[in-house]
Amino acid sequence: FERGARVSDHLSDEEQIEKVKAWLKENGMSIVAGVVIALGGIFGLQYWKSYQAQKAAMGADAYDTFLAVAGSGDTTKTASALDALQQEYGDTTYARLAVLEMARQQVETGELDAARATLEEARGGHPDASIIPVIDLRLARVLMAQEKYDEALALLGGIGGDAFAAEVASLRGQIAYRQGRRDEARAALEEAQEKGATDEIIQYLLTELQEQT
């Protein structure tokens with residue numbers, strides 16, 4: 001009986017092995033594919049992270065190159081450098097920062113329409129949410145310079161967060177001053193100071209308002 005049991009166990013083991021072999025034969029490729037897919041996901045994620053890090057580093061270098069060109073103050077050269085940066089790194093924050101620099105130069109040279117177009121294009125290009133308020137503040141300044149006060153105020157009304165509260169209040173005060181709304185101007189400018197704004201224009205306008213009373 002004992003011998004028979006051992007033979008039976010042996011046969012049972014062989015049968016189980018054969019069953020496993022048959023199952024692997026039928027399903028082995030799907031298992032291998034699953035392993036490959038899993039490993040592909042792991043290595044693919046690692047490759048993607050490495051690629052993103054490399055691209056960020058290269059984007060930073062490209063932005064430095066752009067700034068070197070922008071330092072010349074030549075808007076034509078700066079525009080060409082911006083185009084080159086956007087072609088390679090248009091989906092990065094560096095491209096958005098370069099756009100802000102381009103708009104700044106355009107404002108300094110009196111090209112307000114061009115600056116507005118530059119900023120509006122940047123805003124419409126689906127930038128990172130963190131940089132939208134910065135673009136809107138720059139654009140509001142341009143609109144204020146163009147005396148498009150209602151449009152500027154509408155933009156300012158959409159900017160939230162404590163980080164931008166001082167500058168928003170400052171611009172609201174400057175616009176109110178230009179429109180002759182002295183009480184509103186004073187209130188907004190004082191609010192800007194309370195929130196930490198240190199622009200010289202704020203103190204200048206508050207002094208002017210004090211003298212006009």
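Y63 is buried, with a relative accessible area of 16%. The model is predicted. Y94 is partly exposed, at 25% relative accessibility. The cut-off explains the labels: buried means under 20%, so Y63 falls on the buried side.

**Aromatic pairs**

The structure holds two aromatic pairs.

| Pair | Centre to centre | Angle between planes | Class |
|---|---|---|---|
| Y63 and F66 | 6.2 Å | 20° | stacked |
| Y63 and Y94 | 5.9 Å | 35° | tilted |

Y63 and F66 are both buried. They sit three residues apart in helix α1 (residues 2-70), so about one helical turn separates them. The pair of Y63 and Y94 links distant parts of the chain. Y63 lies in helix α1 and Y94 in helix α3 (residues 93-108), 31 residues apart. Ring pairs join Y63, F66 and Y94 into a cluster.

**Nonpolar cores**

F66 also belongs to the largest nonpolar core, which has 31 residues. F66, L119 and L156 have the most contacts inside this core. Helices giving two or more residues to the core are α1, α2 (75-89), α3, α4 (112-123), α5 (132-145), α6 (149-157) and α7 (165-178). The largest share, seven residues, comes from α5.

What does F66 contact, leaving aside its neighbours within four places in sequence? The partners are T78, A81, L82, L85, A98 and E101.

A second, separate core has eleven residues. Among them are A176, L189, A192 and I202. In soluble globular proteins, nonpolar side chains tend to be buried together.

Definitions and conventions. Residues numbered from 1 in each chain as written. Predicted model: local features only at pLDDT ≥ 70, side-chain atom pairs only at ≥ 80, totals over all residues. Heavy atoms only, no water. Phe/Tyr/Trp six-rings, centres within 6.5 Å; stacked < 30°, edge-to-face > 60°. Helix = DSSP H or I, 4+ residues; strand = E, 2+ residues; numbered from the N terminus. Buried < 20%, exposed > 50% of the residue type's maximum accessible area, 1.4 Å probe, protein only. Core = buried A, V, L, I, M, F, W, Y, C linked by side-chain atoms within 4.5 Å. Contact = heavy atoms within 4.5 Å.
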